[in-house]
Amino acid sequence: MVKEMKRLRGVVFDMDGTLTVPVIDFQAMYKAVLGEEEYIAIKSKNPSGIDILHHIETWSPDKQKIAYETIAEYEKQGLDRLQIMPGASELCGFLDSKQIRRGLITRNVKEAVDLFHVRFGTSFSPALSREFRPYKPSPDPLLHICSTWDVHPNEVMMVGDSLKDDVACGKRAGAYTCLLDETGRYDSTAFSTADLNPDFKVSSLVEVVSLLEANFELKP
């Protein structure tokens with residue numbers, strides 16, 4: 001029996017830890033923003049990860065300002081060490097050869113996206129940074145990209161390294177999802193929630209090309 005191939009017209013990527021090598025020490029950043037005790041308390045209630053941006057939205061304006069400044073400092077350090085993820089260039093070249101659209105959604109700032117485009121030597125469009133609200137895990141950024149492309153969410157794949165942000169965003173939008181798990185951290189049963197189960201899981205971007213060829217009809 002021949003497997004029916006689903007049409008795929010676009011791929012949307014996360015940036016930090018997906019298209020770029022993870023260099024930001026998020027644990028240190030969260031502790032700097034929250035304080036040691038609050039960090040431990042929140043982490044114990046959220047084993048899949050802390051949504052720091054959502055958390056500080058409930059704070060007073062003055063406290064928020066200090067928190068955003070701390071986050072910005074860590075992000076700036078990350079920009080200074082920005083590296084392209086192995087396999088990213090080849091994957092994007094493959095998508096371009098098939099005329100498959102490429103978009104980007106990140107919770108990082110626009111300045112980081114601009115620098116990434118310069119370093120990578122190519123661009124993703126649309127490329128939505130955290131200035132676009134609401135940000136991931138809301139499906140809104142992905143739905144906005146689908147609307148801009150004039151494609152259905154079920155003709156798009158979201159690729160990212162975060163279960164709680166990228167996979168959640170893709171699932172809620174009705175798109176296919178691919179989790180990049182380089183270290184196998186998501187193999188733990190602590191992450192086995194049915195509603196956040198990705199359609200595909202890879203340990204390297206290099207694997208995505210064969211995954212797409214085996215499972216989809218790639219047509220613009």
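**Notebook: core, sheet and helices**

I began with Leu212: setting aside neighbours within four places in sequence, Leu212 is in contact with Leu8, Leu91, Phe94, Leu95, Met157 and Leu218. I took contact as heavy atoms within 4.5 Å.

A word on the source: this is a predicted model, where local features need pLDDT of at least 70 and side-chain atom pairs count only at pLDDT 80 or more, while totals for chains, interfaces and linings use all residues. Residues are numbered from 1 along each chain as its sequence is written, and side-chain values use heavy atoms, with hydrogens and water left out.

Buried means under 20% relative accessible area (1.4 Å probe, protein chains only). The core has 34 residues, of which Met157, Leu212 and Phe216 touch the most other members. H5 gives the most to this core, with five residues. I also found a second, separate core of 15 residues, which includes Ile24, Val33, Leu53 and Tyr135.

**Helix pair.** Helices (H or I, at least four residues) and strands (E, at least two) are DSSP runs, numbered from the N terminus. The axes of H5 (residues 88-97) and H9 (residues 206-215) come within 8 Å and cross at roughly 30°; axes are lines fitted to C-alpha atoms, for helices over the stretch in contact, and angles run from 0 to 180 degrees between N-to-C directions. That makes H5 roughly parallel to H9, a label for angles under 35 degrees. Leu91, Phe94 and Leu95 of H5 meet Val208, Val209, Leu212 and Glu213 of H9.

**Sheet.** I traced an open sheet of six strands in the order E4-E3-E2-E5-E6-E7, with parallel pairing; two strands pair if DSSP finds at least two bridges between them. E4 (127-128) and E7 (200-202) stand at the edges with a single partner strand each, so one side of each has no neighbour in the sheet. E2 (residues 10-13) and E3 (residues 101-105) pair over four bridges, and Val12 stands opposite Gly103 in E3.

**Strand E6.** Is E6 buried or exposed? Five of its five residues are buried, so E6 is largely enclosed by the rest of the structure. Tyr176, Cys178 and Leu180 point one way, Thr177 and Leu179 the other. E6 pairs with E5 in the parallel sense over four bridges, and Met158 stands opposite Thr177.

Terms used:
Angles under 35 degrees count as roughly parallel, over 145 as roughly antiparallel, 65 to 115 as roughly perpendicular and the rest as oblique. A nonpolar core is a set of buried Ala, Val, Leu, Ile, Met, Phe, Trp, Tyr and Cys residues joined through side-chain atoms within 4.5 Å. Buried means under 20% relative accessible area, exposed over 50%, partly exposed in between (1.4 Å probe, protein chains only).
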